[in-house]
Amino acid sequence: MNIQVTTYINNEKLLFEKNEGDFLEEEKFYQIIYKDKHSELCDIKIDKSGEKVLIKKGGSNLNIGKEITSSQYMTDYGPIDLQTQLLSVEIKEKSKFIQFEMLYRIIFSKVDNQLNKLKILIRR
């Protein structure tokens, strides 16, 4: 199945990828599984209630919820502790397509944060 992933940071388009992967719809969540351009396995679970998103990539888990949530995320420079907050989740469906748009903040400190948007378009 064709999966297109677009990442925006502070409203600037940073990354666009087309991947092949799997899309599952369970009772309480959607699950998207694909390998990115570096052949790292990405597993994204989106709660149908819009309350949380879990992004697993490589050996890292990024838990994003409506309340500020702490996660340890692996980078090329080693693990870092992040705080995240889910601002919104939009799900749009039309015939053979489904699009997810997740807007969340990554909080580095009391004065430093960034706004991230992840758009995922899936052709079923």
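Strands here are DSSP runs of E, at least two residues long, numbered from the N terminus. By that rule, Ser 60 lies in strand 6. The model is a predicted one.

Start with the overall layout. Ten strands form an open sheet, and their order is 6-5-4-3-2-1-10-9-8-7. The pairing is antiparallel. Strand 6 and strand 7 are the edge strands, each pairing on one side only. From one strand to the next, the twist averages 30°. Strands of a sheet pair through backbone hydrogen bonds, either parallel or antiparallel.

Now walk along the pairs. Strand 2 covers residues 12-25 and pairs with strand 3 in the antiparallel sense, over five bridges. Here Leu 24 has Gln 31 of strand 3 as its bridge partner. Strand 3 also pairs with strand 4, again antiparallel, over seven bridges. Lys 35 finds its bridge partner in Leu 41 of strand 4. The hairpin of strand 3 and strand 4 has five residues between the strands. Within this hairpin, Ser 39 takes a positive phi near 65°.

Strand 4 is mostly covered, with five of its seven residues buried. Its antiparallel pairing with strand 5 runs over five bridges. The hairpin of strand 4 and strand 5 has four residues between the strands. In that hairpin, Gly 50 takes a positive phi near 80°.

Go next to strand 7 and strand 8. Strand 7 spans residues 69-75 and strand 8 spans residues 78-94. The two run antiparallel and are joined by seven bridges. They form a hairpin with two residues between them. Tyr 73 stands opposite Ile 80 in strand 8. Leaving out residues up to four places away in sequence, Ser 60 touches Ile 55, Tyr 73 and Met 74. Is Ser 60 buried or exposed? Its relative accessibility is 3%, so Ser 60 counts as buried.

The nonpolar interior comes next. In soluble globular proteins, nonpolar side chains tend to be buried together. The largest nonpolar core here has 23 residues. Which of them touch the most other members? They are Ile 32, Ile 44, Phe 100 and Ile 120. Strand 9 gives the most, with five residues. Take Ile 120 as a case. Not counting residues up to four places away in sequence, Ile 120 touches Ile 3, Gln 4, Val 5, Ile 32, Ile 44, Ile 98, Gln 99, Phe 100 and Met 102.

Side chains of opposite charge can pair when their charged atoms come close. The structure holds five salt bridges. In one of them, Asp 36 pairs with Lys 57, with the closest N and O atoms 3.2 Å apart. Asp 36 lies in the loop between strand 3 and strand 4, and Lys 57 lies in strand 5, so the pair ties together parts 21 residues apart in sequence. Asp 36 is buried, at a relative accessible area of 5%. Lys 57 is partly exposed, at 28%.

Another salt bridge joins Glu 93 and Arg 124, whose closest N and O atoms are 2.7 Å apart. This pair links distant parts of the chain: Glu 93 is in strand 8, Arg 124 is in the segment after strand 10, and they are 31 residues apart. Arg 124 is partly exposed, with a relative accessible area of 41%.

Glu 101 and Lys 119 form a salt bridge too, with the closest N and O atoms 3.7 Å apart. Glu 101 belongs to strand 9 and Lys 119 to strand 10, 18 residues apart. Glu 101 is buried, with a relative accessible area of 15%. Lys 119 is partly exposed, with 24%.

Finish with Lys 117, which lies in strand 10. Why does Lys 117 have no salt bridge? A salt bridge needs a side-chain nitrogen of Lys or Arg within 4 Å of a carboxyl oxygen of Asp or Glu. The nearest side chain of opposite charge, Glu 101, is 4.1 Å away, so Lys 117 is buried without a salt bridge. Apart from neighbours within four places in sequence, Lys 117 is in contact with Thr 6, Thr 7, Tyr 8, Glu 101, Met 102 and Leu 103.

Technical notes. Residues are numbered from 1 along each chain as its sequence is written. This is a predicted model: local features need pLDDT of at least 70, side-chain atom pairs count only at pLDDT 80 or more; totals for chains, interfaces and linings use all residues. Side-chain values use heavy atoms; hydrogens and water are left out. Two strands pair if DSSP finds at least two bridges between them. A nonpolar core is a set of buried Ala, Val, Leu, Ile, Met, Phe, Trp, Tyr and Cys residues joined through side-chain atoms within 4.5 Å. Buried means under 20% relative accessible area, exposed over 50%, partly exposed in between (1.4 Å probe, protein chains only). Contact means heavy atoms within 4.5 Å. Axes are lines fitted to C-alpha atoms, for helices over the stretch in contact, and angles run from 0 to 180 degrees between N-to-C directions. Lys and Arg count as positive and Asp and Glu as negative; His and the chain ends are not counted.
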